[in-house]
Amino acid sequence: MALSYVPIEDGALFEQADAVVSGRIDAADDISCTVTLDEVIKGDPDLTRLRVFVADATSSASQHAVVVGAPDCAPGESVLLFLARRADGTYRVSQLALGVFHLRRTDAGEEVLVRALARAQRVRGLTVKRRDPEVLGGIRQAARFRDWLRGYAAGAPNAPDYWIDPRAGARLPSKYRLGGPPPARWFEFDAGSGVPVYAADDGQGGLAGGDYSALQAAVSAWNADPLSDVQLLYQGTTSAGASLHRADGINAVAFNDPLDEIPGSFDCRHGGVVATSVYRYAGSRTFQGAAYATLIEFDVVLQDGAGCLLAGHGGANAAEVLAHELGHGLGIAHSCGDGEGAGCDSGGVADAALMRATLHADGRGAWLGFDDCEAVRTLYPAPAGASGTCGATWGVRAAASMATEMLALLLALWLFVRRYRQRASLAHCR
């Protein structure tokens, strides 16, 4: 499913709108979001807080309607909204997802305003100019775009100088994606309780020690972010196993696909499925103004024959795979590359994430990138006052590691040459 659209010029979008406002989303439900405004660029200047409808569909306890192309509302997010006034005086978003701009940062840290069009299909039409900046991948610089809109509201629009050319090196990181719909989370962490994780009795074939240490590293990686409140508790082994098709109330990792739930086997020469997972939820609850399904169980199954891949980089591949699957169990979807969201821009933040759709297999192991950290903080923010950092650029860490190894190699070579020269000197004296 996709929203089909022809790009609309910003001036035309402004003229169609009854109000243009910027603010922060406080709460959201299926059909609306509540926004505290920080500026009214067009419309009633006395507006301070609005309930903005993103879709006119209705839902009930037994049926939920999803309007393809309706904009998403994420509590805590800063947005610029183009609104249409309804007959009853309330507001709805104009032009669906085309009327909402989300505040983001480029890789260089510059604030930009972008639309969320990952599930939209651009249609060529008469209004699309050959050199249209957005069609070419242009990004609106936030401050300059707001200034341009203010000028338009005053009746003296300037030239549209707010575009950033991505070819000049400004890349926009793909925003993390949550699982669902519906999005789901564990509510145990909010009450200070942990979620236990078990490993099946039989370890993975082809891996030294099972590889239970890789699972422990994966658990620790998600617990380590000081700005989120994840509390996964590794509880050792269990005879209960794990099943993709049967719930037993135990969060477990099964090795070697013991129930043959992944058809076939992994082949070291030809590939195949390495691992998969399932999470289960029951009912829903509200967190920070948004509805989430309540997670009650997750299970991970590693494929038989996959030990040859998982053993790579001293078992780091196994740790990366297990941490990725645990991320799904926490309610996080792929950051990129699965055909549903954005593609993985090489060198971008989403591409560097643990939760991208393809294994990195480069030795990083259970390592969280910036995108992973933002996702887990959205679902499980730490209490107020928490401090610290999470996420880093793996390339920098890898380069530092390579530099250390190179220095060690040069030192060893120097010692070897020195020892050789000493021996040669002694031989000459003899």
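Colleague: What makes up the lining of the largest cavity, by class?

Modeller: In this predicted model, that lining has 9 nonpolar residues, no polar ones and 1 charged residue. Asp counts as charged, while Cys, Leu and Val count as nonpolar.

Colleague: How many cavities of 30 Å³ or more does the search of the whole structure find?

Modeller: The search finds 1, and the volume of the largest cavity is about 40 Å³. Of its 10 lining residues, Cys 33, Asp 72, Cys 73, Leu 81 and Val 100 are the closest to the centre.

Colleague: Now the helices. Why are H3 and H5 called oblique to each other?

Modeller: Helix H3 (residues 212-223) packs with helix H5 (residues 316-329) at an angle of about 50°, their axes being 8 Å apart. Roughly parallel needs an angle under 35 degrees, and roughly perpendicular needs 65 to 115, so H3 and H5 are oblique. Their crossing is right-handed.

Colleague: Which residues make that contact?

Modeller: H3 brings Ala 214, Leu 215, Ala 217, Ala 218, Val 219 and Trp 222, and H5 brings Ala 318, Ala 319, Leu 322, Ala 323, Leu 326 and Gly 327.

Colleague: How do you know the class make-up of the H3 and H5 contact?

Modeller: Ala, Val, Leu and Trp count as nonpolar and Gly as polar, so the contact divides into 11 nonpolar, 1 polar and no charged residues.

Conventions
Residues numbered from 1 in each chain as written. Predicted model: local features only at pLDDT ≥ 70, side-chain atom pairs only at ≥ 80, totals over all residues. Heavy atoms only, no water. 1 Å grid on protein atoms, 1.4 Å probe; cavity = no way out; pocket = protein on both sides within 12 Å on 5 of 7 lines; lining within 4 Å. Points joined across faces, edges and corners; volume = space filled by probe spheres on them. Axes fitted to C-alpha atoms, helices over the stretch in contact; angles between N-to-C directions. Helix = DSSP H or I, 4+ residues; strand = E, 2+ residues; numbered from the N terminus. Parallel < 35°, antiparallel > 145°, perpendicular 65-115°, else oblique. Left-handed = near helix turned anticlockwise from the far one by under 90°. Contact = heavy atoms within 4.5 Å.
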